[in-house]
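Please look over the sequence and the structure shown here before reading on.

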Amino acid sequence: LLAGAPPRCGRGHRPGAGAAGAAAALVERIGLRELALAGIAVVLLSALVSLLYYRRFRYRLEDDVLIVQQGVFERRELKVQADRVQHMAMEQPVYMRPFGVVRFSLDTPGGITTEVELPGIPQSTAETLRAQLDTARRRSTINDPEQAPPAGTGEPLHRTGAAGLTLHGIASNHAYVIAAALTPFLQPLERALRPALQQLETFHDLAASPALVIGLTLACLLATMLVLSVAVSWLRYYDFRLFRDDGRFLQRSGLFNRQEQSLSAAKLQSVEWVQTAVGRMVGRGYLICRQYGGQSRGPDHAGGKFVIPGLTVESSIQLGQLFWLTREAQRSDVPAYAATPFRRVSRLYRRVTVLRVTLAGILACAVLAAYTQQPAWLGVILPIGLLSLPVAHLRWLTVGWKREGRFVHIRIGLLGRRTALFPLEHVQGVTVRESWFQRRHGLATLQLQLASGPVALPFIDRAQALALANEALYLVEGQVAATPILSTD
């Protein structure tokens, strides 16, 4: 349902869901008074640590090198050269606006998390710092950096309106994350509302129809999740605007928390077009531009995920071409986004998927039956086996790939779809895996390692996998203009 990304989405929001469950358990077990006292102690301790952190925090810019010194108990010094900066960001939460300060952050290629973060510096200072770092970056690419236009001036390349924000909220993954966060509070809320509901005559009428109660409950939960998901979309991407500044892209968005994120076209590794199942129905999706180290696991202050929300298919194609035209300014063979069909993987992939889903269901039912000592759980195996057939077929229909010149498209998903587009010479590592079953049928799984993360293509012809792997290695060695080994027919 989430275009092949439920584990990734769950890992990203695991701290929030855990915090929600912990808060609910604390309120119910120790009481509000004890919780308030513990909160006061935490606030006082945080104030003391913040004061020490502030007094030991220093930064300065020497020529084109940013030097940051920080640490409470351990003193650290970090130096970042301007031409190594991958993207910069300025964030101004609502509580910082009255003081005129922002959070300035940046990172370099290969960083897993944000490498430099300057919290609470004046906005004018942050803008000056960004301009100086940007000028140092341009010094190696243009002759007169003083004549370059200021960042983010002129008409925006793209603006997401009210309809796009609303549809993005409906079609995005926010609703599932909100559902996971609300789960710990459902039982306490039900116990709190039950005495009031039992006094209503309507409640007694509904209690006689359990199906109606379940239906109304699910409808209310769905409506609540959709409303909250749309609200999150508006809060995060309100007044979204995308600008191009020479070889860099800049986006500005946010209602209470104003954010600016930058994308260096020279360091762009891949572009992903994502549509959830609901997004396909409403004709909306979003683009993710990934740079070096795009699989960030930490806070995303510096824009590790450069997202353009609320796009139609046509606008995503136009923006995708624009990103690669800027990235490949010296080349003419940028992707044309032709309407050529995707190549499907082997039909045996569908059979293997059925086997995997069925075995996982059998194992889960056996564990539940042994744990609960109720053999009735074994009766669920048959429905799981029948359900695995359409699931495997939909998965097989979605997974595919195609080739357009130097560019490769790889699509994965189930009901939703996630399509990655990247030049073949951006591949940094190649792995061709063959199981015993695949060797018997001349198949292989090709895994391409990009600087932004791995991309896998399962159950394709072994000769095609080896041809793509060999050509990727050949192009990486510098022979970009060579004739492709694999035909695009």
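How many contacts beyond four places in sequence does the model have for residues 295-304? The model has 27 such contacts for this stretch, over which pLDDT stays under 50; pLDDT is the predictor's confidence in each residue, from 0 to 100, and contact means heavy atoms within 4.5 Å.

## Basis and confidence

This is a predicted model, in which local features need pLDDT of at least 70 and side-chain atom pairs count only at pLDDT 80 or more, while totals for chains, interfaces and linings use all residues. Residues are numbered from 1 along each chain as its sequence is written, and side-chain values use heavy atoms, with hydrogens and water left out.

The protein chain has a mean pLDDT of 77, with 73% of its residues at 70 or more. Among its elements, the lowest mean pLDDT, 41, belongs to helix α1 (residues 6-12), and the highest, 91, to helix α13 (residues 436-440). Helices (H or I, at least four residues) and strands (E, at least two) are DSSP runs, numbered from the N terminus. Residues 140-152 also stay under 50 in pLDDT, and the model has 17 contacts beyond four places in sequence for them. Where pLDDT is low, the predicted coordinates should not be read in detail.

Strand β7 runs antiparallel to β8 (residues 240-245), and 3 bridges join the two. R159 stands opposite R241 in β8.

## The hairpin of β2 and β3

Strands β2 (residues 65-70) and β3 (residues 76-81) pair in the antiparallel sense over 6 bridges, and Q69 stands opposite E77 in β3. The hairpin has 5 residues between the strands, and G71 takes a positive phi near 125°.

Q70 lies in strand β2 and counts as buried at 15% relative accessibility (buried means under 20% relative accessible area, exposed over 50%, partly exposed in between, with a 1.4 Å probe and protein chains only). Not counting residues up to four places away in sequence, Q70 touches Y53, R56, F57, R75 and R76.

## A residue of helix α12

L389 is placed in helix α12 (residues 381-398). With a relative accessible area of 47%, L389 is partly exposed. Its C-alpha atom is separated by 8.6 Å from that of T353, 36 residues apart along the chain.

Technical notes. Pairing = 2+ DSSP bridges.
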